[in-house]
Amino acid sequence: MHPWLLLALALPSLAALDKTHGVSPSLVSKYSPSTKGSHQTWTCLDGSKEIAWSAVNDDYCDCQDGSDEPGTSACPNNKFYCRNEGHIGAIIQSSRVNDGLCEQDCCDGSDEPSGVCPNTCQEVGAEHRKKTEAERKLRKTGSKIRSSYIAYAHKEKKRLEALVADLVKEIETREKEVERLRDIAERAESLSAAELERKKQSPLYQSLLVHHTALKSLQKEHKKHLEREKALGDILTSLRTGYNPNYQDMAVLEAVRGWEALAGLPHINDVRKGDDGEADTTAEKPKTEDDVEDEGLWNAAKIEKELDQLLKTDHVTLLLEHDQLVGPASAQSLLLDISAYLPDVLLPSYHSFRDSVLSALSVFGIGRGGATDTSAESNRARVALSDAEHSLKLTQDEQRSANEDLSDIFDPDGFGPEGEWKKLDGLCLSKDTGEYTYEVCLFDEARQIPNSGGSGFSLGKFSSWNKAARAGELDYYTRQHYTQGAKCWNGPHRSVELVLTCGTENTLLTVAELEKCEYQITGTTPTLCRPLEDEHTKDEL
């Protein structure tokens, strides 16, 4: 259509333009004239100027705030209201009024002169109402499911509170039991130590200590003699090889011959006269009476090798082992002999019962004929204490975990202010894309699993909600971030942004790799279906 034709159509339309054309319903009441004599005037909405009533919507901007031209494009940065009867009213920029283009937001065509744009508000309104009603039903159904999630959170809160209360009582009981067993263990250890001291006074133990001291002393003296013998041997060897036999010094000659005999060496004169300058030194030295070992006696090599280990022997352990070996044999009780009188079919049940009874009695030193070994009692008491302390720690850990879960249920940063997300904690959702299956376990981990087999990859663990919104707001819970997954080849660590919307099912819809190893997964959940604020609110028609 030619611009001059549009202008020709617009001029008569502007002349008859309604003064409230383009005015939003909230401001219509302010567009009424004031009468002064025979003239009608109107004051700009900002109060800056009074103009003739005929100047309103005359396509000329008179007011600084542009309020005199709500239905034209004469004033810059102004707003135009489309009534859109049969649909929903809309506001557009005044610069888009009378521009020859039919605005989608103004389905009634009021932004252009009459006849330029068709009025499609009935059709658009009907489609919008249909869509809105479907969304309303979806939201209503989803909010009911969400309500069940909230009810679950309250039940879980009561369960955890009851569990914590029971654990507090159990911890008190276990702490008392630990103190009782610690007292028993300390007394048993005291008795065991006293009994050990008594046994150390036995002649056998005292004799062991004396023999140990004697052996240690002999070892010390033996090493001294070896050192002296070596030094003397060096001196005599030097004398043997360096003395002059022509001097006929009998004292020196006797010393050299004595050393040669003791060391099994040939006479030095024979060595010097030999053809090869060296006598045969491999001749076997005749054994003396001292060289013949008595049976069981240690030679020098064995003394050097094993005496140190012998001196390290723990005599207390030997004492206790000796006490067990030579102690009086306890008469076997009837409880242990009764198996001889039972048929074979009953033996397994009997042995199980017998062992459980003896285990219980052993804590108090009863059983196995009534033998009372203080060391064994001390060990049993210490084991019982250790078991009780371990059970106490497990109970305390369980209480700590329960308290943490309790504090997270209604935490806006955790499972939401109403606890609506607690029900989904650990729920795993998956989406098969053909080559891979993507799995997101809510509040835990996201994974990429090859459908052809093989190990999958971690796409990250849950790290945060939507950081662009504040906790408690609806948008805060529309995105979950899973970070620090397996590292890509020459790339970043894999990560996932899970984008959720209201839906009647917890499901994944799409998977896209927006950047290298950075995935966006969309899905729906009833948890985001907030209740309808007012069931009777109707859309503006």
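## A tour, starting at the cysteines

Select Cys61 and Cys75: a disulfide joins them, S to S 2.1 Å. A disulfide here is a pair of cysteine sulfur atoms within 2.5 Å. The torsion about the S-S bond of Cys61 and Cys75 is about 110 degrees, so this link is right-handed. Both Cys61 and Cys75 lie in the loop between β3 and β4, so the pair ties together parts that are 14 residues apart in sequence. Strands (E, at least two residues) and helices (H or I, at least four) are DSSP runs, numbered from the N terminus.

Before moving on, note how to read this model. It is predicted: local features need pLDDT of at least 70, side-chain atom pairs count only at pLDDT 80 or more, and totals for chains, interfaces and linings use all residues. Residues are numbered from 1 along each chain as its sequence is written, and side-chain values use heavy atoms, with hydrogens and water left out.

Now show the surface. Is Cys75 buried or exposed? Cys75 counts as buried, at 1% relative accessibility. Cys61 counts as partly exposed, at 28%. The cut-offs for relative accessible area are: buried under 20%, exposed over 50%, partly exposed in between (1.4 Å probe, protein chains only).

**Next stop: Cys44 and Cys63.** These two form a disulfide, with sulfur atoms 1.8 Å apart. The angle about the S-S bond is -75 degrees, and the link is left-handed. Cys44 sits in the loop between β2 (39-43) and β3 (50-52), and Cys63 in the loop between β3 and β4 (79-82), so the pair ties together parts that are 19 residues apart in sequence. Cys44 is buried at 2% relative accessibility. Cys63 is buried at 3%.

**Then pick Cys82 and Cys106.** Their sulfur atoms are 1.4 Å apart, and they form a disulfide. Cys82 is in strand β4, while Cys106 is in the loop between β5 (90-93) and α2 (121-200); the pair links distant parts of the chain, 24 residues apart. Both cysteines are buried. How many disulfides does the structure hold? It holds eight.

**Move to helix α4.** Select residues 250-263 and find Trp259 in this helix. Trp259 counts as buried, at 15% relative accessibility. Now select Leu239 too: it is 20 residues from Trp259 in sequence and 9.9 Å away in space, C-alpha to C-alpha.

Zoom in on Ile521. Leaving out residues up to four places away in sequence, its contacts include Tyr438, Val440, Val496, Leu498, Leu508 and Val511. A contact means heavy atoms within 4.5 Å.

**Last stop: colour by confidence.** pLDDT is the predictor's confidence in each residue, from 0 to 100. The chain has a mean of 80, and 77% of its residues reach 70 or more. Select residues 1-15: pLDDT is below 50 there, and the stretch has 11 contacts in the model beyond near neighbours in sequence. Residues 275-283 also stay under 50, with five contacts beyond four places in sequence. Where pLDDT is low, the predicted coordinates should not be read in detail.
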